[in-house]
Amino acid sequence: MAGDVGLEPLLDYVREDRVGLSVVVAVAGEMAGEGATFAERTAVLLSVVGALMDEGAVPGDLVGADRDFVAWPGSKDAVLSRLACEVKTLGEEAATGELCWIHDPAAAG
């Protein structure tokens, strides 16, 4: 999936900075297409996050006064399951800062 249109710029972005989930949701929405249901958009979102994880990026939270990035613990499957549950509980597309951030901490300078 990393070769899909829209994913390479996103990959560059998560390597440079912490990216709010809403940005990933927007990319997934474009990939899902107009008229896609919430369930279809969520499935594509999980696929995109999974592809980003395959490239080293991970979901996490910003914590403390310095807003340090702390990756969610667990395996890829566990993290994607957590994200799926949180998206389903939210019931709508996430705004920036809601649910999680995506970042590749190994690529950060």
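Predicted model: local features only at pLDDT ≥ 70, side-chain atom pairs only at ≥ 80, totals over all residues.

I started with the pair R18 and D17, which forms a salt bridge with the closest N and O atoms 4.0 Å apart. D17 comes out partly exposed, at 37% relative accessibility. R18 is partly exposed too, at 29%.

Next I checked the total, and the structure holds 6 salt bridges. One of them joins E55 to R15, with 3.6 Å between the closest N and O atoms. I placed E55 in the loop between α3 (38-54) and β2, and R15 in helix α1 (residues 7-16), so this pair ties together parts that are 40 residues apart in sequence. For E55 I get a relative accessible area of 34%, which is partly exposed.

D104 sits in the segment after β4 while R15 is in helix α1, so the pair ties together parts that are 89 residues apart in sequence. R15 is partly exposed, at 27% relative accessible area. D104 has 6% relative accessibility, so I log D104 as buried. Put together, R15, E55 and D104 are linked in a network of salt bridges.

Last, the backbone. I found R67 with a positive phi near 55°, though R67 isn't a glycine. R67 lies in the loop between β2 (58-63) and β3 (68-71), and is partly exposed with a relative accessible area of 42%. L99 is another non-glycine with positive phi, near 75°. I located L99 in the loop between α4 (76-90) and β4 (101-103).

How values were computed: Residues numbered from 1 in each chain as written. Heavy atoms only, no water. Helix = DSSP H or I, 4+ residues; strand = E, 2+ residues; numbered from the N terminus. Buried < 20%, exposed > 50% of the residue type's maximum accessible area, 1.4 Å probe, protein only. Salt bridge = Lys/Arg side-chain N within 4 Å of Asp/Glu carboxyl O.
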